[in-house]
Amino acid sequence: MDISSTNVTVLLRQLCEELSPEPDTAYELALSYLSSTNEKSRPIQDERLLCQKIHSRLTSVSTKDADKFTEAYAKLKNSFILRQRLSILTLLSALSDNIQQREYTQQLFPIPNLGVANSCTVTSTSKSTIGSVSWGSNVLKQGSSQSLPVNYSNAAIVLQSNDRPNERACVRDAVLAATGVRARSAVGVSRPLQMLYSRIAHLGFLHDRLKEFIDPSSGLMPQGLMGEGLVASVRDELTEYYRSIALLQSQVCEGDGGGGTLRRVCVWAQEPLHRLTWLANIVHAAQLKKGGELASCVHRFVRHGDERVATLARRLLTALTYPLLLMLTRWLLHGEIDDPFNEFFIESRSGVPIDRMWHDKYRVREWMVPSFMSREQAAQILATGKSVVFMREACADEPGPSDHAHHLQALLKPHTGGDKESGAGAGAGAGAGAAWWEAEGLRAGVGAAHAAASQRLLAALTSHHHLLDHLAAHRRYLLLAQGDFVHHLMTLLQEELNKPATSLYVHNLTCTLEAAVRATNAQFEPPHVLARLHVNLYPNCDGREDSGWDVFALQYRVDGPLGTLFPATCAAKYRALFAQLWRVKRIEHALHRAWRDHIILHKRLKCMPEVWGLMRRVSCVRAEALRLCGALQEARCVGAEPAWAELRAAAASGHHLDSLLRLHHYALDRHSIHAMIHHTTQELQSYLGNVLNETLALRSFETTLHTGIHAELDRRERIEQLKAERVARGEYAFTAADEAQDKEKRKIFHQFLTNRKADLNVWIRTYRGHVTTLILKLALHAEVSLQTLAFRLDYSDFYKRGDAKLHEPLTYQHKRLSEIGLNLAKSKLIERSKKK
């Protein structure tokens, strides 16, 4: 290249910038046209037709421009300086074409192909498979099945000159091409040199892809602070690459005795090519991602089999996760979320009431959890921050950062120690030691910090807010575990609750509740427990006439931090359990009172032998109903007591709060299953309701029977008293009229007894039918404890002997044996299939 050719190139460049909206494309077209030596490839046009074409084009835009062209063409025609007017007009017409005519212009002025021996253009459109990456067909093929779009327009190297350059000029242009600069080189170089040149030029293509990634206007840059960390790390990688290129260029530009050949430059380019290839692969996978999703995307390359790729990904990941480290430590130590771009994997939701703060205010966004962090760790991090927030906002206790900060040294020390490497986003912390996200003590440190924060929170709830006392109070008074208190309260409230629900008042029932507390062991409860025990009335909305038994309920009111731990859903469960248990207890209490009335009445029945058989039958069916109520309550205690024991043991051993809440809900579920109000026992609830309704009908039957017997006994006692008075006066003890009247009364009483016997027979048949159905459904239920309850209700095979539906195939033992036999048959069938 000489000075004159350089001036021509500059002038041609300026001309393209003046005439075309895209000077780069126009410059390539003009250069290819002017440098072409094949006359046949040039289109032959008539000068007059070409001038008419240009004039018509200018006329469609502006008449004044068309007149100026006519005047300029006339001057050019009369000038003798330019001899090839047709070629110049053709070039100017091609350069003035708009963007829509670009393809047609390229067809008019084709770029020379590398396949031609005299071609002066060397392009990098050939496929390059460096570092197990294929850049052909616009697809990046690799193990991670990720694609990278390829555009070779920036990687094309147009070799401009009419002279044959030496290899040193080709090396200089190759070095410039490695930085994405459009360089000039020689024509007529050999095919091997062209291949070497193309491989070096591929560095420029990768460089342009990385520059496009870190350009905010490209729309490919990842979002948020972590995205900025990745961009800064990529920018540092490019800075290091520029430094290497500058050193290489200085060696190339040395004197004749120094420098290097194109092959040496290609050998040097292997390592940068491998590094830039995988760097471009990583940034392509990270496009339009943010937060933990971006970290997971880069972390996949850390597990790559090539150590160089893994080291590069580790440096990038350390740099981009620095904002995540800041957000993580702020959340763990202070319970605050500083996340302006929604990158943190813990989300804070607004508008959540204070009683749902622990349950609903914070949650883990699963798609934002980095892949180097397990779901268990994410849950521990969430619980640790929630504990700090709960202590500050609900318990009004500000915990110091040093309470559990010493457990996070594995999280803080590696990064603070390598601040120069990783704090600036250079991603070089991996060279000085393990990064914070791969430190060995990270999992143990987060777990220890979680345990320390949870123990502090649990200690505050236990000591200052009496959590265990309130849990025990819920069980004693709402689940009727305090037997003496429940029995005495029911005795005091019996007369009041027999009234219609509309005639009850809460203040009257509250006075009765206080009397029951003072008369039983409940009086020794702490004041903070008794102050929260109240009476409430919950009328039904089904339109039927309710009694006091149907609407009465005990309520345990909690507020403050305990209101968060016992939300409205939990209170609703306790209310449903109390209603069901109170109903069973009421029936048992009524049957016991019926037994007491029967014993009192039995002393007066010595002179009334006609009722002995009926009373004996009533006593038997009452004992049968009492045994059923006792079995129901025993099953509830046996089934739910292990869950409460586990809850108490967990609270005593200092488990974290989420574990206690989970055990608490599990205990309530066990109670609900054995009370048959769980969603899995909806069918059993109706059958149990039928049995309980029939049991109440027995109490009504006994009341009616005892009333009739008492009336007859009083009548006979009055007759005996009247006889004694008449005998004392010397009169007849019993007249014929009195005898006739007495016979009539006895006849009416015998008819009353007959009716009661018939009613009892109907009741027994109905009651045992409902009990049989309940036992059958319990035996067929999937819950093993309910199957055991079915066996307890019919342990003597009494109901099975009276009903054909309860034969052996439906009993609990036979079901167990059937399942064992079925499993054995399946195992034998599998063994036979394997042998075949």
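This section describes the secondary structure, helix packing and selected residues of a predicted model.

The chain contains 34 helices and six strands. Of its 836 residues, 44% are buried. When contacts between residues at least 6 apart in sequence are considered, 72% of them join residues at least 24 apart.

Helix α13 covers residues 307–320. At the start of α13, Asp 306 places a side-chain oxygen within 3.1 Å of the backbone nitrogen of Arg 308.

Two helix pairs were examined for their packing. Two packed helices are described by the angle between their axes and the distance between the axes. The crossing of α27 past α28 is left-handed. On the α27 side, the residues making the contact include Tyr 574, Leu 581, Val 584, Ile 587, Leu 591, Trp 595 and Leu 601. Lys 585, Glu 588, His 592 and His 598 of α27 also take part, as does Ala 594. The α28 side contributes Met 615, Ser 619, Arg 622, Ala 625, Leu 626, Cys 629, Gln 633, Arg 636 and Trp 644.

In the second pair, α30 (residues 682–729) and α31 (residues 736–779) have axes that come within 10 Å and cross at roughly 165°. This pair is therefore also roughly antiparallel, and the crossing of α30 and α31 is left-handed.

Helix α27 also contains Trp 582. This residue is buried, with a relative accessible area of 2%. Beyond its neighbours within four places in sequence, Trp 582 is in contact with Leu 480, Leu 489, Met 490, Leu 497, Trp 549 and Phe 552. Trp 582 and Phe 552 are separated by 30 residues in sequence, and their C-alpha atoms are 9.1 Å apart.

Leu 480, one of the contacts of Trp 582, is located in the loop between α21 and α22 (483–497). Leu 480 is buried, its relative accessible area being 8%. Its phi is near 60°, a positive value in a residue other than glycine. A positive phi also occurs at His 466, where the angle is near 55°. His 466 is found in the loop between α20 (442–463) and α21 (467–478). With a relative accessible area of 25%, His 466 is partly exposed.

A further loop residue, Gln 287, lies between α11 (270–285) and α12 (291–302). Its relative accessible area is 19%. Because buried means under 20% relative accessible area, Gln 287 is classed as buried. Apart from neighbours within four places in sequence, Gln 287 is in contact with Phe 213 and Leu 220.

Key. Residues numbered from 1 in each chain as written. Predicted model: local features only at pLDDT ≥ 70, side-chain atom pairs only at ≥ 80, totals over all residues. Heavy atoms only, no water. Helix = DSSP H or I, 4+ residues; strand = E, 2+ residues; numbered from the N terminus. Expected span 1.5 Å × (residues − 1). Polar contact = N/O pair within 3.5 Å; in protein donor to acceptor, adjacent residues only side chain to side chain. Left-handed = near helix turned anticlockwise from the far one by under 90°. Contact = heavy atoms within 4.5 Å. Buried < 20%, exposed > 50% of the residue type's maximum accessible area, 1.4 Å probe, protein only. Axes fitted to C-alpha atoms, helices over the stretch in contact; angles between N-to-C directions. Parallel < 35°, antiparallel > 145°, perpendicular 65-115°, else oblique.
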